[in-house]
Amino acid sequence: MDRRLGTVLNVLIFCSATLAVCPDDATDLVSWKSTIGTTPNSNITLTQPILLDTSVELFGLTIASGGRLVWSRNGNYGMRAHYIRIQNGGELHIGSLTCKFNKKARITLLGEPEEKLNIPGFGEKFLGVEAGGVLNLYGEYKLSWTKLTQHALKFDKSVAEIYNHRETADIIKSHGIYIYHFKENFPADFDIKRDPGIVQVNSIYRRIAYNSQAKIDTAITDLTNFLNGIPVGDIYAIATQKDFKREDRDYSALYDAFDVLAPSNSFRTATRDDAYVAIGYKGDQSSFEEDLDSTVGTSDSTEAIVVYNIENRERELIVTSENRFNSNFGIIQFLVVNTLYTRPIISVVDNAGSWKAGDRIFITSTDYDWKQVEDFTVVPCDSSLCSATTVRLDHPLEFDHYGEIYKRVDMRAEVGLMTRHIVIDAEVSEGNSNGGHVKFLYGFKDVQVEGTELTNLGQPLILGRYPLHYHMCDDLANRTVYTKQSFFRGNSIHHTQFRCMTIHGTHNAKIIDCVCYDCVGHGFFLEDGGEKNTYMRGNLGLGQRKFVGTTILDVTGAIPTDQTKGPVTFWITNPKTTVLNNVAAGGDGIGMWFVYPDLPTGPSRTKNFMQLKEARNTKITLYKNNVHHSYGSAGLFVDNIEADDLTVSGYNKYNPKEDPLDTDSASVAAVFEGITAYKNKVQNAWIRGTPIIVKESSFADSRFGATMIKERNIWVEFVNNVVVGYSDNLGKPNNGFTRSFPTNPPPNAVGYRFNKGPVYVRNTWFHGFTSTSLYNASALSNKNCFTHMNPQNQVENLLFSFDDGPGNRFLFQKCNDLRNDEDGVFTLKDIGNGLTGSTESEDVTLVYNHPFHVTDQCKHRNGWNVAFCPYNYGEMVVSYPTDEELSIYRTDGNHPKRSILNKAFIAILGESNRNENNFQYLMAFEDGMPASVSILGESVTKSDTALLAYCVPRDAVLKFTYRINNVKQSTQSVSSLTDVQGDNIGGNYYFDSNVGVVFFKMVNNVEYEEGEMAQCPSNRCVKVTINVETGTLSDSDCYNRFIQESSYLQAGEGNPAADNGILQATSADPPENWGAGSTYPPPA
């Protein structure tokens, strides 16, 4: 059936009247109910204004030019269809900006995968808007989400149960009748939380299934006497158990006694296998309630239950009888409960008056397992107990949900609303995943989606099928194409087949105050990496599940990261994105992932949205006040590059510039302000790039609190932050423990983890890093088996809430890989000595405790695995084209040696030895040498210099090159080591051909400026290159000859002493301006 409205309604006059304040008040609307007849097979095309004033089912609806479909507010109406297509000039309205829809409107999308409609631009099972089309969905305001203001505690039956008698004996021995006598006790000073209110007075149990009628009569007499003895106004409660009577015996006396309680009762009709219960006030027949179950269900049992509520007293008496026929086991229970605990009341930040009885909400997990999220239905609550900022739940809590800000870490659970007045859903048959989808194409006239609930939508097996989807719309801020700003606001997308919202090839999309809960794959999804100026504010996402199946490029909607590494709640593939006041509240993978392709993928590739590698040089527009918790991997992750096949790998090479298209322009910092991350199993935050600033952020309860990695010769900074090891958010304890941990057994906990650098950690407060017999905890540590560590890494003004015993402030993680020698290049400068507590007048540096690095001026802390020394250190990076092992000796005392494979070592800089001369380092290849070697001196300044010696062939002809900032400097061959030692500008070298060694001094021509952050001052590094132009390269090891020349050697420097005293706590609480603090309501 295919009908086109407009020609059949020629008796009506249509005008171009504008919509009224409420769209369904427009005078040109024609009633669907009185005008259009439809069947499930109808294909309807609208070309005129129509009022939907009845629920309908049809096959497909096309709203063509002149057509306008408006939902009536006079009832709760729905439309079931395989598709709804809004063409150029067509419009669909449910509410408006000034007249929000306050009834229930439902659109249900139908269809099985084999239908394959393949309608151009949309496919099948869709609500779609083409160029020139209008979709306005405005549901009445409902608060999207809020936070708890106090803990919501799991059900504790020891508190909730006032009285509980539960018979679970063998029913052969216990079948019969139970009668209980209860009495109300509500004094004037009744405490609704603590006083019992209902007390059990007495009870009786009798078998009445004897063969002997005399025994039955005696039992009935006992039962009736007990009933008669209950005072008027008190409560009786009755339950039967299987086989409680015989069909061939006389129970009329018992029936008569029941008739006195309530003349209209079902007890006479109960058979031996039925379950029967009853409750009432003695003498008040109207209070009688009963339940009789004669139906044996799939569980092969009968069950009867009566729940008797004592109004306004928060007490319930529950009587249950269950008969199990596949065994001789049954249950009889008489239970009195305090309903403040069985239907708990939670306190929230906002006025939740828009949440009505029957609305569905959820409370997020505040533990490592996001699946501790719990769903509830809102139930009515008396005003004497509830206020505008409280909500009553329909059943008890299974898990604890944290509700406080702990040490400026906001770990309050989020409470989200699923219910909206407008609903778009889909019917999906068992075993399929073809949810419907809502899609908007380039050039639509007006699309606003607000206050709408979308569920069971999305399709992972077909590309482009998402619950809400801007598809290749280009720039939504282009007022030539889009006269109004389109937005998604206040929506709830939950329990979907795939994704929540997709921004694809579209700029200036606005996603505000939306909820994305429980979907397969990524949640908020920027698809190709060309999507610019996306604005995401105040959104709550959680429950992203891994896709199970095979991903096929350009075929499936699911991509590789939907099942490996991910999925991700906020998948952000373009740095020109604003993420403000959002919460990523748990999922299988990662909370928020910034990962960019070098060039946009998919159909955006040819649109010139971004130039090649522009993204890696573009500053993130805004990251501020976002929360990340309860993820299987990481809360916040900034790394990797997305390839054309949509896999991710490698490091991101992120280096934002003032002009992203000019890599020589000045660097600008990407700022992460107000990160809150907690209870993420692997790590709270991993951020790679330079320059990066993480500030006013809070981290807690993870294996690794925060890791920042620089990728260029530029700094990263971690400032004004709070880092907590394990908080008092105990969660659901792991088996055998008193609290939850990321894994079982518990892993070591590290607050801030150093890797590469230079990294500057300043003004940071640490708490909760006390090692136990189960795990080691340290506020600061290093990445195990790191690949590089910059000598300018430093800490300053750190505060600790705990005593170091030692082993809690810092712990050096040794690399157990024998092929890795990077432990030897670890340094960490302690500016002001707040970390070490050193009394030295100079700042000290932490180094790996090895004779090559230390002297008797150093101290070592056994619990830290490091020493700290009053020296500045520089890293000498040695470059040569082969893989030979290089031996390095410090030429004092016993000539401590390091053999290096990774072509770098650290040296004490400046005139720091006991004779106020430079420490001297000898480099030698033991089994033949390369013809050319370069040494780059990081952290070398005009005063912090390094004296080096290098073994070369005794018959060598050398070419010596000296550069500062890659600019050649003048060089001079001198006649003695003394001439090199006295060199204060660099470029002098002395070649001793008898020993086969060349001496030179690394000297810069600048110092570090105050506050400068770089691995070399003014980014000017010193580099020496030594070329052996001729000579016997096998004559490479001069060590034995060198040590015979006493003038080349220095006196021993001694060994460090132990300093294992307790370092006292420095601050019990964090300063008020450190850490993120309260994240909600959002800070101004």
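A disulfide is a pair of cysteine sulfur atoms within 2.5 Å. In this predicted model, the structure holds seven such links. One of them joins Cys858 to Cys869, with an S to S distance of 2.0 Å. About its S-S bond the angle is 115 degrees, and the link of Cys858 and Cys869 is right-handed. Cys858 lies in the loop between β63 (844-848) and β64 (859-861), and Cys869 in strand β65 (residues 866-869), so the pair ties together parts that are eleven residues apart in sequence. Both cysteines, Cys858 and Cys869, are buried.

Another disulfide connects Cys500 with Cys516 (S to S 2.2 Å). This pair links distant parts of the chain, 16 residues apart: Cys500 is in the loop between β37 (492-494) and β38 (501-507), and Cys516 is in strand β40 (residues 515-520). The link of Cys500 and Cys516 is right-handed, with 80 degrees about the S-S bond.

A further disulfide joins Cys1016 to Cys1021 (S to S 1.9 Å), and Cys1016 and Cys1021 are both buried. By contrast, Cys519 is in no disulfide; the nearest cysteine sulfur, that of Cys500, is 4.1 Å away, beyond the 2.5 Å cut-off. Cys519 is buried, with a relative accessible area of 0%.

Elsewhere, an open sheet of five strands runs in the order β17-β16-β18-β19-β20, with antiparallel pairing. Its edge strands, β17 (198-206) and β20 (284-293), each pair on one side only. From one strand to the next, the twist averages 15 degrees. Helix α4 (residues 213-229) packs on the sheet and touches β16 (177-184), β17 and β18 (235-240). Helix α5 (residues 252-261) also packs on the sheet, touching β16, β18, β19 and β20.

Methods:
Residues are numbered from 1 along each chain as its sequence is written. This is a predicted model: local features need pLDDT of at least 70, side-chain atom pairs count only at pLDDT 80 or more; totals for chains, interfaces and linings use all residues. Side-chain values use heavy atoms; hydrogens and water are left out. Two strands pair if DSSP finds at least two bridges between them. Helices (H or I, at least four residues) and strands (E, at least two) are DSSP runs, numbered from the N terminus. Axes are lines fitted to C-alpha atoms, for helices over the stretch in contact, and angles run from 0 to 180 degrees between N-to-C directions. Contact means heavy atoms within 4.5 Å. Buried means under 20% relative accessible area, exposed over 50%, partly exposed in between (1.4 Å probe, protein chains only).
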